[in-house]
Structure formats: structure tokens, C-alpha cells
Amino acid sequence: MSAKAALLAAMLGGCAAAAPVHQASAPAGAVSGTEHVAQCQGRDGWSDAAPPVRVYANVWQVGTCGIVALLVTSDAGHILIDAATDEAAPDIARNIERLGFKLSDVKIILNGHEHLDHAGGIGALQRMTGARLLARSPARAVLESGEASADDPQLGLNPKFPGARVDGIVADGEIVRLGPLALTAHATPGHTPGSTSWSWRSCAGAECRNIVYGDSISALSNDSYRFSDHPAYVAAFRAGLDRLAGLGCDILITPHPGASDLHARLAGTAPLVDAKACARYAAGGRARLDARLAKENGR
Ligand SMILES: [Zn+2]
Ligand SMILES: [Zn+2]
């Protein structure tokens, strides 16, 4: 190889190594995991503003101290999963811009489940971005009206939230695509009827990880609801937990950061990558559901 060719090869190689698809260097507006956690110290409210932080590669937490809103980015546009409360929506928008991304490049909004603390800000973010909201059919009416469905175990506990426009329905197992992004919907009903978990693969250079946004799986309800009165719903709940446990899972992220110890993992005091995290998360949900059913039956 001539010196000139060697130099050219080195330059090309250097360029390729410096600019892999999903690993731009951290934008100026992102803070470190440690800083994100420090700024949330003693502040864990649903609407407590937090600085944006990279979770992994093209996956960013742009939500609040108490609620996760995930931005999954690509050169062909971005997908936002969840939007915390209506009150938090302007902070989420600011976080997206602070990372150097344009609001108008957020093309799709997805949701974990149809409760105020995760869906309350979707209507406002949809107006600010022009994004299409895609949801599973059991969540549709709730996302549009902001009012809990009759079959929500927590009916009557959560205040109404501003509605959004649902632009398309996603089926269990369907893949939502945007440019190079491909996020699979997994029905994980139980906490709510429309509860949905999402999985995809993100790459930091040559290193790729399976990311799972595992929705809330707690068997919570109002005082009069009994899970044992709804055997088909409980069966679907269990099937969703099995599905979650079986997902190839390198990095688990949950709508409430504490449910997957996210702050410790961002701060580096617990491992970010844990292939057993989804199975353990599902097992915890199963144990709490079993305890709840036993309690209802006086055992
Ligand atoms: Zn909820
Ligand atoms: Zn919640």
C-alpha cells in the first residue's frame, strides 16, 4: 500500500470509527448520570423538572425526576415514549431541545399506559411536535378523553388528564418503524387494560443492546375493585408478565425510575446492563399479584 493509500485508509477508518450511526458524542445539553441524580436528590415528584441524560446510545431520559419519558433518536426522526404530566410537558420539550434535537423531528409518540402520570403530557407534546400518537386499542378512548376506562382497576383514583389525538392503532407484537428505528409493542395489561411494553435494539458503535421499556405491572386498585372478580383479566395480566419475563433484555427501563433502580444505574452504583432484569421485574409483579389475590380471598 502506498503512503497515500495508507493515509486515505486511515482517514476513512478514522471517520467510520468516529461517526457510527447511533453514537454521536453527548450533546452539550446532556448531563452525566451522576449530575441527573444529584439534581433530583430529594425531588421525586411526577412534575419535578430534571436535566436530560443519556441512558444508552440513542436512548435519552427527557422526563422528570419522578417519571421517565424516553426519547429514542435517529437521523430519520425520533420516537418519544411517554410524556409524564401535562404540567411537565414544557420541561420535556425543553429537554429535547437542550439535547440539540428539534421538536418537529419527534415523529411518533408511544405510551406505556393510560394514566395521568405517563400520558398527561402527551396532548401538549403532540401539539408542540406534530407527532403521530400510536396506541393499543384498549388505551385509545382513555388517551383521547383523559378519563379512566370502566375496566381500569384504579377507576376513580386518578384525576382526568388532557386528551390527545390517537392517530393509529398498534397490535400486540406489531413493530413501529421510523427510519432505522424498530420498536416492538408487547401487550402487558394488568396495571391498566392498555398497558404496553416496548422493546428495541440500540447500538453504541459496534456494541448493541436489547432495550426494554417495561411498563408498570403493579396490581393496584380502588377500594372496591377485586382482581379475583375478573379471571380473564388476571389471566391476561399473567400472560403479559410471562411475555415480559421472556423478552431478551439487556437494559430494562420502567416508567417510574425507582421500579428498575434507574437512578442508581445512571449514577453507576448499580449495573446499567443486566440480562436478568426483565425476568426479575416480572417475577416481582407476579409475586405482588399473587399476594393481592391471596389477600382478596382471605388467605
Ligand atoms: Zn399507572
Ligand atoms: Zn405511574
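User: In this model, is alanine 84 buried or exposed?
Analyst: The model is predicted. A residue counts as buried if 20 or more other C-beta atoms lie within 10 Å of its own. Alanine 84 has 31 other C-beta atoms within 10 Å. Therefore alanine 84 is buried.

User: Where does alanine 84 lie, and what is its phi?
Analyst: Alanine 84 sits in the loop between β4 and α3 (89-98). Most residues other than glycine have a negative phi. Alanine 84 is not a glycine, yet its phi is positive, at about 50°.

User: Is aspartate 261 buried, exposed or partly exposed?
Analyst: Aspartate 261 is in the loop between β12 (251-253) and α8 (262-267). Its phi is also positive, about 55°, although it is not a glycine. Aspartate 261 has 16 C-beta neighbours inside 10 Å, so it counts as partly exposed.

User: Which strands stand at the edges of the open sheet of seven strands?
Analyst: The strand order is β1-β2-β3-β4-β5-β6-β7, with mixed pairing. An edge strand here has a single partner, so one side is left without a neighbour in the sheet. That applies to β1 (53-56) and β7 (166-169).

User: Which residue in β7 is the bridge partner of leucine 133?
Analyst: Strand β6 covers residues 132-135. It pairs with β7 in the parallel sense, over three bridges. In β7, the bridge partner of leucine 133 is valine 166.

User: At about what angle does helix α5 run to β5?
Analyst: Helix α5 spans residues 122-129. It lies across β4 (78-81), β5 (106-110) and β6. Its angle to β5 is about 165°.

Conventions: Residues numbered from 1 in each chain as written. Chains lettered and ligands numbered in written order. Predicted model: local features only at pLDDT ≥ 70, side-chain atom pairs only at ≥ 80, totals over all residues. Pairing = 2+ DSSP bridges. Helix = DSSP H or I, 4+ residues; strand = E, 2+ residues; numbered from the N terminus. Contact = placed C-beta atoms within 7 Å. Axes fitted to C-alpha atoms, helices over the stretch in contact; angles between N-to-C directions. Buried ≥ 20, exposed ≤ 12 C-beta atoms within 10 Å, placed from the backbone.
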